[in-house]
Amino acid sequence: MSDFNGKTALISGGAEGIGFSIASAMGDQGMNIVIADIDETQLRVAEEKLTAKNVPVLALKMDVTKLEDWQAVQEKAVTQFGNIHMLVNNAGVATAPGPLEATNYDDWQWVLDVNLMGVVRGTHIIGSHMKQHGEGGWMVNVASMAGMAGVPTAGAYTATKVAVVGMSESWQPEMAKHNVHVAVLCPAFVKTRIHLSGRNRTAEDQNSFDDTKVNTKDLPGGSLVENGIDPELVGMRVVEALQAQEFYIFTHPSHRESLQMRGAAIDQAFERAAQSPILADIEDDPNIVFG
Ligand SMILES: NC(=O)c1ccc[n+]([C@@H]2O[C@H](COP(=O)([O-])OP(=O)(O)OC[C@H]3O[C@@H](n4cnc5c(N)ncnc54)[C@H](O)[C@@H]3O)[C@@H](O)[C@H]2O)c1
């Protein structure tokens, strides 16, 4: 019997795309599934699909930018299924890529509030709950390959995904003390509707991007997403990786080389610093990892 069987997973943005694929794969492992999403129509579709394969499911409307929504979801989930053992911080959005000036401050605010602060809110509420109940579990934060290396013309999205990788590294040792395994998922392109994120933008976020009027393949990044891997593979990969206690979860092995090149460039930069006469006499403790 799998470690997941009979336990409860909460997936933000779980109504479709990568979030739904993880919900479905975890449901196949015998978990109770709570999908929480801003899109009520897709929530009902997802609920039906999971119910059809006998997965116990609770589908709740939630905006990850609202702390009170997270609190309400936690209460309803616990009432229905008892303690929550897995948090998947998945909900995310992207603006169309473009030059610096094309991403205005409202766009920055929206992407930061969903992708970064949404993860912070989820972790504060559900991560604290998992620490308190003491039964252990898993936290999967959905970053991106954009969290591993900056993507040209996508500064706001990159900023949030680098932050999600960093926060995961920061939280991992703390949560491990409570038997909660933290992992960070870093996919490259997956065939979802991420390039149509404008559909999830609430009126108060001042939608400046009307995706109903465009041919999705013509959107910058649109064809890359539409030619991405099948989201179903991502859910199955997450199960496999959590069973193996992986921390960084990759789904596109072909990206290994570009990351190695980044690592090599950083190593060369350290070498130049090591050779610099300006720095020759400084005393530095390498065990202090920040400063
Ligand atoms: N598709 C890719 O190529 C790709 C690659 C790397 C990482 N990711 C990441 O995967 C995650 C899931 O994206 P996806 O590709 O499945 O996109 P998607 O647009 O298909 O799904 C995103 C889900 O999040 C929900 N959502 C959006 N804003 C929300 C909010 N404020 N509150 C609650 N729910 C909200 C949407 O309704 C939707 O169900 C994101 O964090 C994204 O950045 C995607």
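This is a predicted model: local features need pLDDT of at least 70, side-chain atom pairs count only at pLDDT 80 or more; totals for chains, interfaces and linings use all residues.
**Ligand shell**

I started at the ligand: 29 residues surround it, and the closest are Asp37, Asn90, Tyr157, Val190 and Thr192. For this shell I count a residue as near if one of its heavy atoms lies within 4 Å of the molecule. I number residues from 1 along each chain as its sequence is written, and my side-chain values use heavy atoms, with hydrogens and water left out.

Next I looked up polar atoms around the ligand. A polar side-chain atom of Tyr157 sits 2.6 Å from a ligand oxygen. A polar backbone atom of Ile18 is 2.8 Å from an oxygen of the ligand. For Asp63, an N or O atom of the side chain is 3.0 Å from a ligand nitrogen. I then checked cover: the protein hides 98% of the 830 Å² of accessible area that the ligand has on its own. Those areas come from the Shrake-Rupley method with a 1.4 Å probe, and for residues only the protein chains shown count as cover. Helix H1 (17–28) and H5 are the elements that give two or more residues to the shell. Helices here are DSSP runs (H or I, at least four residues), as are strands (E, at least two), numbered from the N terminus.

**Ile18**

I stayed with Ile18, which is in helix H1. Buried or exposed, at 14% relative accessibility? Ile18 counts as buried, since my cut-offs are under 20% relative accessible area for buried, over 50% for exposed and partly exposed in between (1.4 Å probe, protein chains only). Leaving out neighbours within four places in sequence, I find Ile18 in contact with Asn90, Leu185, Pro187, Val190, Thr192, Pro231 and Val234; contact means heavy atoms within 4.5 Å. I also took one C-alpha distance: Ile18 and Ala188 are 12 Å apart in space and 170 residues apart in sequence.

**Confidence**

The chain averages a pLDDT of 93, and 92% of the residues score at least 70. pLDDT is the predictor's confidence in each residue, from 0 to 100. I flagged residues 211–216, where pLDDT stays under 50 and the model has nine contacts beyond four places in sequence.

**Cores**

I listed the largest nonpolar core at 40 residues, of which Leu10, Val34, Trp70, Ile126 and Met139 touch the most other members. Such a core is a set of buried Ala, Val, Leu, Ile, Met, Phe, Trp, Tyr and Cys residues joined through side-chain atoms within 4.5 Å. Strands S2 (32–37), S3 (57–61) and S6 (180–186) each supply at least two residues of this core, as do helices H3 (67–81), H4 (105–133) and H5 (155–176). H4 gives the most, with nine residues. Apart from this core lies another, of 33 residues, including Ala15, Ile22, Ala183 and Val190. In soluble globular proteins, nonpolar side chains tend to be buried together.

**Two buried polar residues**

Asn141 is in strand S5 (residues 137–142), and I get a relative accessible area of 0%, so Asn141 is buried. What does the side chain of Asn141 make a polar contact with? I found the side chain of Ser168, at 3.0 Å. A polar contact is a pair of N or O atoms within 3.5 Å; within protein, one must be able to donate a hydrogen and the other to accept it, and residues adjacent in sequence count only if both atoms are side-chain atoms. Beyond four places in sequence, Asn141 touches residues including Asn89, Val119, Val164 and Trp171.

Thr251 is in the loop between strand S7 (248–250) and helix H8 (256–275). At 15% relative accessibility, Thr251 counts as buried too. The side chains of Thr251 and His252 are joined by a polar contact of 2.7 Å.

**Positive phi**

Thr153 is not a glycine, yet has a positive phi of about 65 degrees. I place Thr153 in the loop between S5 and H5, partly exposed at 46%. Asn179, also not a glycine, has a positive phi of about 65 degrees. Asn179 is in the loop between H5 and S6 and is exposed, with a relative accessible area of 56%.
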